[in-house]
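Me: I'd like to learn how to read a model like this one, feature by feature. Can you walk me through it?

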Amino acid sequence: MSQPIVNDPLHGQSTDAMKGNANKQSTRSQLIVFKLGGEEYGLPIDQVKEVVLTPRLAPVPHTPEYILGAANIRGSVIAIMDLEHKFHLSDQIANVKAQEHYSLVIENEKFKVGVLVKEVPNTLSIDSEDIDDSKEVLQFSSLKEECVRGIAKVGDRMIILLDIIAMLQMDDVTLGS
Amino acid sequence: MKEKEKEYLELFKAEAHDQFEQLNRLFTALEANSDDKEAIDAIFRITHTLKGNSMGLGIQSIAEISHVMEDIFGEIKKKKFSLSSELFSNLYRGVDKLGQLIQAINTDEKVSYKGIRTKLQVAFRKILPEEEATDDSGSAVVVPADLPNAAETIVATESEPAEAPVAPEDSLSATEEQAVQEEAPAMEETAATESQEAEEVEDDLSTVSDISFSDFVNVPIKKLDGLIDLVGELLIEKDSLAAGRKDGQRNNELALLHRITSDLQYGIMGIRLVQVGFMFHKFHRIIRDVATIEQKEVSLNLEGTEIEIDRNILKILSDSMVHLVRNAVSHGIESPAQRRASGKSTRGNVTLRAFNEKDTVFIEVVDDGQGINEEVILKKAIEKRLVSEEIGKGLSKDEKLQFIFEPGFSNAEKITEVSGRGVGMDVVKRATESIGGRVSVQSEIGKGTVMQLALPSSMALKGALLFQMDRQTYAVPLSYTEAVISLHKKDLHKISNGLMSSYLDRPMSVFFLKDLFQYGKTMDTSFDFHQGFNALKKGEKIEVLVISYQNTYLGFIVDKLLQQKEIVEKTLSKPLDQVPLFSGATILGNGQVCLVLDIPNIIRKVLKNKRRGQEHEYITN
C-alpha cells in the first residue's frame with residue numbers, strides 16, 4: 001500500500017515506526033460511513049445504535065443552532081445535531097422539513113443523540129493499517145484533535161474517522177446556561 | 001396483626017433471607033482465606049444491620065444472635081486475630097441458626113437458639129482483652145455474676161466509630177438488660193446440660209441442607225423504569241389509535257384497550273409505591289442521636305405512615321427529610337429548662353405526618369418548639385444582602401420566612417455538629433422542586449413550626465396544561481399553574497424593559513414566552529422584552545398562563561392554550577438536559593415531542609439573572 005502523505009518530513013519516520021507497530025496487530029473494523037458537506041466521515045459501527053428516518057423535530061429554545069431539535073425515536077427524546085453546520089461545512093441550517101433525512105442514533109451510557117445525514121449511510125470494513133492517526137492535518141481546521149481518531153484511506157477515498165463520544169463529552173456542546 | 005406490620009415483617013424476612021445468604025457466602029470465603037478483610041468487614045456490616053432491623057421489629061432471637069456475631073467480628077476487625085476452627089464452626093452454626101430463625105418468622109415454629117448464642121457469647125468473652133477475660137479463664141461455664149460486666153461491653157461496642165458519638169440511651173440499654181435477664185436461665189441451661197446442645201446440633205443438621213426461597217422478588221429499579229417507559233409508549237400508541245378513528249368505529253375494542261392499558265400503567269406504577277412509614281421509622285434513631293447531642297428531650301410521633309408514595313421520590317427526599325428533622329430538633333425544640341420556663345412539658349414533640357389529597361402527597365415535619373421569628377430571619381437576610389432594608393420592611397410574614405430557603409442562608413448562630421453548615425434549606429427546596437413538589441413553612445413564635453412538602457405521588461405521571469408557541473406544543477405542570485386569563489394590549493404596561501399587568505388586583509410581571517425563549521440565548525440584561533408586545537395588534541386578545549410560585553404570580557403569554565392532560569414526563573438526555581427552560585419532555589398522541597417547562601428553574605436561573613442585572617444597572621447608573 002502507498003505511504004501516507006505526511007506534511008512534515010520530520011515526522012515521517014515516527015509515523016513509519018508507528019505503522020510498523022500497527023502491522024503486527026492489524027485488525028479489521030466496521031465503519032458506518034456518511035457524507036457531510038461532500039466529504040466522507042466514519043464512525044465505528046458499535047457507536048451507532050441504529051439509522052432511522054428523521055422524525056419531525058421539536059425545536060428546543062436556548063440551544064446552539066446546530067442542535068436542530070428534539071425527536072421521538074422509539075419513545076425516547078433525543079437531540080438531533082447538524083454536524084455540517086457545527087463543522088462549518090455549510091452555512092445553512094438543514095431544513096429537515098423540506099427533504100427526507102436520516103439520523104444516526106449514537107448511544108452510550110451517558111449520551112443518546114442523533115446525527116443528521118442527507119444520504120443513506122453505508123457500512124465499510126477497513127483494516128487498521130489503513131488508518132493514519134496523525135493529527136497534523138487537523139491543525140488548521142476547526143475540528144478539535146480529540147474528536148478525530150484519524151483518517152482512513154481506502155483506495156482513493158479519504159474517510160475522516162470521528163470520535164463522536166469524545167466530541168460530545170467535550171465542553172464544546174455545552175449550552176447557554 | 002395489623003396489615004402494615006405484616007408487610008414490614010414480610011419485607012424484613014425477604015431482606016434477612018438475602019442477608020443470610022450473603023453471610024453463608026462470606027463465611028465460605030472466610031474459610032478459604034481467614035485474612036479476607038473484605039469478608040470480615042462485610043459480615044460485621046451485615047450482622048449489624050440484621051441486628052438493628054430485627055430489634056426494630058422486636059424479633060429478639062435474631063437480634064441476639066446477630067448481636068453476638070457482630071461483637072465477635074468487631075473484635076476480629078479491631079485486633080486482626082485469626083479465627084480458631086472451633087470458633088469458626090460455632091459461627092457457622094450461628095449463621096445456620098439465623099437461617100432457621102428467619103425461616104420461622106411467620107410459621108411461629110419454635111427454634112431453640114439460646115445454646116448457640118451462649119456458646120458464641122462465651123467465645124466472644126474469650127477473645128476480649130485479658131483483664132476482662134481473666135474472670136472466667138478458669139472454666140468455660142459462665143457464672144451469672146459476670147453478666148453486668150458483659151452487658152457493659154455489649155453496650156460499649158454498640159456505639160460504633162463510624163457514627164456520631166452517642167451516649168448509651170435508656171431504651172437501648174433497657175433492651176440489653178432485658179436480654180441479660182433472659183440470659184440467666186439460659187446460662188443455667190448450658191451449664192447444666194451439654195446434651196441439650198447436642199440435640200440442637202442434630203436439629204441443625206436436619207434443616208441446614210434445605211434450600212428455601214423467599215416469596216419476594218428483588219427487581220432492580222432500572223427494570224421497572226424500563227417497563228414504565230414501555231407503558232408510556234403503549235399509551236401514546238393507544239392515543240394515536242384513538243385519534244385516528246372516526247366516531248362509532250369499534251368503540252368497544254378501544255374502550256377495552258383503554259382499560260387494559262390504564263390498569264397496566266397503574267399496576268406498574270403501584271409496584272414502585274412504598275409506604276412513607278419505611279422512611280419515617282428510620283427517624284427514631286436520628287431523633288434520638290440529635291436529641292442526645294443537643295441535650296434535649298424529644299419524642300417522635302408518626303402519623304399517616306400507610307400513605308403510599310413513589311419509592312424514587314422518597315429516595316430523592318431522604319436527605320432533605322433528615323435535614324428537616326434535625327433542624328426541628330436542634331433549632332425548633334427548646335432545651336428542657338427553657339421549655340419548663342415557658343410552661344411547656346420538658347419533652348418536646350416532633351411529628352412526621354403524611355396525608356394525601358387527590359394526587360398530591362403531603363409530608364409534614366411538625367415541632368412544638370419555639371417557632372421561627374421572621375424578624376430575625378429578615379435581619380439575617382438583610383445582613384447577607386439577600387434583600388435591601390427598604391424592600392424587606394414591606395414584606396409579609398410569609399415572604400420573610402421564605403428567605404430560609406435562599407442559598408447560603410443559615411439560621412444557626414454557631415456551627416454545630418448537627419446543623420448549620422450554611423447548606424440546607426435551599427437544598428431541601430431544590431430537591432423538592434426537582435420532582436415537581438413544593439416546600440412551604442408555617443411558624444408561630446412559641447408554638448412551633450410546620451415544614452410542609454407537597455409532593456406528586458408518582459413521578460411518572462403528572463397533570464399538565466398543554467399550549468402552543470410557534471406551532472410547537474409545550475406543557476407546563478399543573479402544580480404551578482394558577483389560572484388562565486385573557487388580556488388585551490391595553491392591559492399590559494411597559495415597565496423598564498419588561499411588562500406589567502395585574503391579576504386579582506395585584507401587580508404581576510408578564511412575559512411573552514417567545515421573548516423569554518429568545519432572551520435565554522444571550523442572557524443580555526438589556527434584552528428588550530417588548531418585542532411580543534410591539535408586534536401585538538390593538539384589540540387583539542392574548543392568552544396568559546398565570547404561574548404561581550412562592551406566593552408570587554407571573555404571567556406567561558402563549559400563542560394558544562390547548563387541553564389539560566396527564567403526561568408521562570421523560571427526562572432529557574445529554575446535551576438537552578442542560579437547557580434551563582425545560583425539565584423534560586413527553587410524547588404526544590401524534591408522536592410529537594412536547595417539552596415541559598421547568599418553572600422553578602426558569603424563575604431561579606433565567607429571571608433571577610435578569611433581576612440581578614437590573615439591580616446592577618441601577619447601581620452603576
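Predicted model: local features only at pLDDT ≥ 70, side-chain atom pairs only at ≥ 80, totals over all residues.

Me: How much area do chain B and chain A bury between them?

Reply: The general idea comes first. Interface size is often quoted as the accessible area lost when the parts come together. Here chain B and chain A bury about 2200 Å² between them, and 65% of that is on carbon and sulfur atoms. On the chain B side, look at B:Lys574, B:Pro575 and B:Leu576: they supply 24% of the area that chain B buries against chain A, more than any other three residues.

Me: And how many salt bridges does the rule find across the interface of chain B and chain A?

Reply: The count across the interface of chain B and chain A is 0. Over all chains, though, a search of the whole structure finds 20 salt bridges.

Me: OK, then show me how to read one of those.

Reply: The general idea is that side chains of opposite charge can pair when their charged atoms come close. Take B:Arg259 and B:Asp263, whose side chains meet in a salt bridge at 3.3 Å, N to O. Both residues lie in helix H11 (residues 251–271) of chain B, 4 residues apart, which is about one turn of the helix.

Me: Are B:Arg259 and B:Asp263 buried, exposed or partly exposed?

Reply: Check the relative accessibility. B:Arg259 is at 45%, so it counts as partly exposed. B:Asp263 has a relative accessible area of 44%, so B:Asp263 is partly exposed too.

Me: What about the pair B:Asp289 and B:Arg288: buried or exposed?

Reply: Their side chains meet in a salt bridge at 3.0 Å, N to O. The cut-off for buried is under 20% relative accessible area. B:Asp289 is at 12%, so it counts as buried, and B:Arg288 at 16% counts as buried as well.

Me: Which parts of chain B does the pair B:Asp559 and B:Lys514 tie together?

Reply: This salt bridge has an N to O distance of 3.7 Å. B:Asp559 sits in the loop between E15 and strand E16 (560–568) of chain B, while B:Lys514 is in helix H20 (residues 513–522) of chain B, so the pair ties together parts that are 45 residues apart in sequence. B:Asp559 is partly exposed, with a relative accessible area of 39%, and for B:Lys514 the value is 39%, also partly exposed. Salt bridges can share partners too: B:Glu334, B:Arg339, B:Lys344 and B:Asp368 are joined that way into one network.

Me: Let's move on to sheets. In what order do the 6 strands of the open sheet in chain B run?

Reply: Read across the sheet, strand by strand: the order is E10-E14-E15-E13-E12-E11, with mixed pairing. Strand E10 (481–488) and strand E11 (493–495) of chain B stand at the edges with a single partner strand each, so one side of each has no neighbour in the sheet. On average, neighbouring strands are turned by 40° against each other, direction ignored.

Me: How do strand E13 and strand E15 of chain B run, parallel or antiparallel?

Reply: Strand E13 (residues 506–512) and strand E15 (residues 552–558) of chain B run parallel, joined by 4 bridges. For a specific partner, find B:Phe512: its bridge partner in E15(B) is B:Ile557.

Me: Can we zoom in on one residue at the edge?

Reply: At 42% relative accessibility, B:Val484 counts as partly exposed. Setting aside neighbours within four places in sequence, B:Val484 is in contact with B:Leu465, B:Val544, B:Leu545 and B:Leu561. The C-alpha atoms of B:Val484 and B:Val546 are separated by 5.8 Å, although the two residues are 62 apart along the chain.

Me: Why is helix H19 of chain B described as largely enclosed?

Reply: Count buried residues along the helix. In helix H19 (residues 425–434) of chain B, 7 of the 10 residues are buried, so the rest of the structure largely encloses it. Among them are B:Met425, B:Val428 and B:Ala431, but also B:Asp426, B:Lys429 and B:Glu433. After H19(B) comes B:Gly436, with a positive phi near 80°.

Terms used
Residues numbered from 1 in each chain as written. Chains lettered and ligands numbered in written order. Heavy atoms only, no water. Pairing = 2+ DSSP bridges. Helix = DSSP H or I, 4+ residues; strand = E, 2+ residues; numbered from the N terminus. Axes fitted to C-alpha atoms, helices over the stretch in contact; angles between N-to-C directions. Buried area = accessible area lost by both parts, 1.4 Å probe. Salt bridge = Lys/Arg side-chain N within 4 Å of Asp/Glu carboxyl O. Buried < 20%, exposed > 50% of the residue type's maximum accessible area, 1.4 Å probe, protein only. Contact = heavy atoms within 4.5 Å.
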